[in-house]
Amino acid sequence: NWWQVYGLGQVGSLEGVVLSDWKQIDNIPDEARLLGGGMDFGYSNDPTACIMVYYWNGKLIFDQIIYQTGLKNNEIAKLLKSNNVNKNTSIYCDSAEPKTIADLKSYGFAARAAKKGKDSIKYGLDLLSQDTFFVTSSSLETIKDLRAYTWAKDRQGKVLNVPIDLYNHSIDAMRYWAMHNIKPHGIGKRRGVKRRN
């Protein structure tokens, strides 16, 4: 199954995936509202991932705009600009890198440190699991992550209540946004801006 999904690129998910209630959507509808974004930082081995979030027809749409290794902070800022990210749009980032967040702020972006508390990974995943969401078809690496991000197992093969520490870069970006914007047991009211082409 791993080879089918990752080696051959076939459609499918691994057994025991953490997030399974999602669908692909070809494009972001014109009437969708931009709510913000999430970003997970990487460099040498791990990619920097940035996911923008939209609200449409009572559902969330996640759209990957960055998924790349070796990015310097000024290059991240250029990619945000080239993807028409409004400098007033809040982007919740990995709080483990305050210097990178400060640099993005210096470029004029509304980068914010995601608050991480005890069990924040599980809490964020639970929020994302509350309702069906969409992922744009162009978000190729995010789709691969979602199909391969599974619950960890012990030596006896028993499923644990923690996910594996792999294939989680785009999902962490989604989670950072979710922890600040999704209420438990419901999405709740949000303010957003209408998408501009």
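This is a predicted model, and it holds one cavity of 30 Å³ or more. About 70 Å³ of space lies in the largest cavity. How do we find such spaces at all? Rolling a probe the size of a water molecule over the atoms shows where empty space is left.

**The cavity and its lining**

- The largest cavity is lined by 10 residues, and the closest to its centre are Leu60, Leu127, Leu128, Asp131 and Ile182.
- Strand S4 (59–68) and helix H4 each give at least two residues to this lining.
- What kinds of residues form the lining of the largest cavity? Seven are nonpolar, two are polar and one is charged.

**Helix H4 and what covers it**

- Which residues of H4 are buried? They are Ser120, Gly124, Leu125, Leu127 and Leu128.

**A closer look at serine 120**

- Serine 120 belongs to helix H4, which runs over residues 120–128.
- Is serine 120 buried or exposed? Its relative accessible area is 11%, so it counts as buried, given that buried means under 20%.
- Leaving aside residues up to four places away in sequence, serine 120 touches Arg175 and Met179.

**A closer look at glycine 37**

- Glycine 37 sits in strand S2, which spans residues 33–40.
- Glycine 37 counts as buried because its relative accessibility is 0%.
- If residues up to four places away in sequence are not counted, glycine 37 touches Ile51, Met52, Val53, Ser90, Ile91, Tyr92 and Trp177.
- How far apart are glycine 37 and phenylalanine 62 in space? From C-alpha to C-alpha they are 8.8 Å apart, while in sequence they are 25 residues apart.

**The chain as a whole**

- Now step back: the protein chain has six helices and 10 strands.
- Of the 197 residues in the protein chain, 46% are buried.
- Look at contacts between residues at least 6 apart in sequence: 63% of them join residues at least 24 apart.
- The protein chain has an accessible surface of about 10,800 Å², and 46% of that surface belongs to carbon and sulfur atoms.

How values were computed: Residues numbered from 1 in each chain as written. Predicted model: local features only at pLDDT ≥ 70, side-chain atom pairs only at ≥ 80, totals over all residues. Heavy atoms only, no water. Helix = DSSP H or I, 4+ residues; strand = E, 2+ residues; numbered from the N terminus. Buried < 20%, exposed > 50% of the residue type's maximum accessible area, 1.4 Å probe, protein only. Contact = heavy atoms within 4.5 Å. 1 Å grid on protein atoms, 1.4 Å probe; cavity = no way out; pocket = protein on both sides within 12 Å on 5 of 7 lines; lining within 4 Å. Points joined across faces, edges and corners; volume = space filled by probe spheres on them. Nonpolar A, V, L, I, M, F, W, Y, C, P; charged D, E, K, R; others polar. Areas by Shrake-Rupley, 256 points an atom, 1.4 Å probe, with all protein chains shown as cover.
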